[in-house]
Amino acid sequence: MLWLLASRDLASAWRSAGLWLPVAFLLLVASLYPFAVGPDAVLLARTGGGMLWIAALLASLLPVDRLIAPDRDAGVLDQIALRGIGEEMVVLARLIAHWLGFGPPLMIATLPAAALLKLDSGTILMLEAGLLIGTPALAALGLLVATLTAGLRSSGALAGLLAMPLAVPLLIFGAGTLGDGSGAALKFLGAASLLLVAITPFAGGAAIRAGRE
Amino acid sequence: MSGAALRLDDVACLRGGRMLFRGITLTIAPGGSALLTGPNGVGKSSLLRICAGLLPIFAGTMTREGGVALADERLALDMELPLAKALDFWARIDRAKDSAVDDALGAMALKPIADVPVRMLSTGQRKRAMLARVIASGAGIWLLDEPGNGLDSASLALLGGAVAAHLAGGGIVVAASHQPLPLAAPVMLELTDHQAVEAA
């Protein structure tokens with residue numbers, strides 16, 4: 001059942017070409033950044049990693065408006081509820097599908113982006129490790145605000161306002177892995193990620209139920 | 001689908017601070033049907049959503065046995081998929097037997113357009129696709145909200161045939177409609193009679 005729901009979500013994300021949006025955004029930011037700060041290789045290598053974390057965080061907000069709202073408006077969520085399937089299951093399936101369509105492509109896009117910024121191999125390794133741990137949290141956060149804002153007007157802007165404060169710990173620990181004391185930062189990132197992934201099915205399920213009228 | 005049953009006992013519905021209706025008592029046995037009538041806004045759709053378990057009940061109780069399928073104004077089919085594939089998703093969720101989608105497409109005369117993407121369908125075809133989703137679900141209780149809207153006379157006859165077959169098989173149909181529907185001896189429920197008296 002979980003796989004049935006998740007594979008449908010992944011297939012519809014693929015068909016709507018929404019998977020390319022975060023990837024294109026990350027690459028765009030990475031290619032614009034050297035124009036803004038100048039072609040100083042040392043400066044780019046020092047600041048590029050943190051900048052990519054910001055880009056990844058903002059990229060996670062791009063697909064928010066198509067995660068829940070279209071299915072809610074089309075009655076799909078109601079039809080699933082009719083069949084006695086809990087909203088928590090729906091959100092969990094969607095979280096899996098959303099991460100699969102968001103995390104790995106973003107991690108792959110990070111490689112050419114890192115090359116554009118002349119990051120060294122150690123930094124790239126830490127960046128990828130951090131993204132592997134952090135992207136589930138970013139996906140969960142995006143999904144959570146999508147369930148909260150589904151059905152509201154100008155939900156996209158509201159989603160950004162809601163998600164940003166909650167994403168600050170991820171940004172701090174994520175970018176922290178690139179500096180000194182990266183081991184501790186990775187552990188904190190993992191803890192923050194676990195927490196968000198664990199609460200999202202329950203909080204998101206409750207939000208969908210509360211939004212039903 | 002034997003053993004389907006639906007029972008409402010003194011149900012009241014409060015929406016947006018307004019009492020839509022109260023004192024609805026209704027018992028439907030296998031093979032029985034009910035027709036909800038009344039002007040727009042009287043709460044026909046809300047009562048169907050209460051029967052579906054999607055709306056909380058303000059007072060009273062609702063009990064039902066058997067699965068439930070709902071056809072309201074929303075299609076709930078993937079727009080980009082071919083019709084048969086879109087229906088197949090729900091059939092797999094329902095664990096319906098393999099021929100369920102095929103039979104439902106046949107019952108609604110949709111087989112010629114089974115490979116057409118859902119977004120290309122006309123209004124009447126979408127309505128028939130929605131009814132095919134209900135038929136394929138194999139649920140015992142059908143909740144139909146204005147099922148005749150947008151259907152031509154040939155499609156109405158198909159709907160009548162599908163409903164008759166469902167009732168003959170021991171199913172239950174609750175329909176809200178302002179059109180005459182081919183239901184055999186339904187329980188008529190006029191919701192205007194159950195409107196709450198406004199406090200002066």
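Guide: Here is a short tour of the interface, the strands and one leucine.
Guide: This is a predicted model, where local features need pLDDT of at least 70, side-chain atom pairs count only at pLDDT 80 or more, and totals for chains, interfaces and linings use all residues. Residues are numbered from 1 along each chain as its sequence is written, with chains lettered from A and ligands numbered from 1 in the order in which they are written.

Visitor: How many residues of chain A are in contact with chain B?
Guide: 13 residues of chain A touch 15 of chain B. Contact means C-beta atoms, placed from the backbone, within 7 Å.

Visitor: Which element gives the largest share on the chain A side?
Guide: α5(A), with 5 residues. Both α1 (2-15) and α5 (76-82) of chain A supply at least two. Helices (H or I, at least four residues) and strands (E, at least two) are DSSP runs, numbered from the N terminus.

Visitor: Switching to chain B. What does β1(B) pair with?
Guide: β1 (residues 5-15) pairs antiparallel with β4 (residues 59-65) over 6 bridges. β1(B) also runs antiparallel to β2 (residues 18-28), joined by 7 bridges. Pairing takes at least two DSSP bridges.

Visitor: Which residues are bridge partners?
Guide: Among them, Leu6(B) with Arg64(B) in β4(B), and Leu8(B) with Leu26(B) in β2(B).

Visitor: And what's in the hairpin turn?
Guide: β1(B) and β2(B) have 2 residues between them, and Gly16(B) in the turn has a positive phi of about 60°.

Visitor: Last one. Where is Leu166(A)?
Guide: In helix α8 (residues 155-176) of chain A.

Visitor: Why does Leu166(A) count as partly exposed?
Guide: Because 15 other C-beta atoms lie within 10 Å of Leu166(A). With C-beta atoms placed from the backbone, 20 or more within 10 Å is buried, 12 or fewer is exposed, and in between is partly exposed.

Key:
Contact = placed C-beta atoms within 7 Å.
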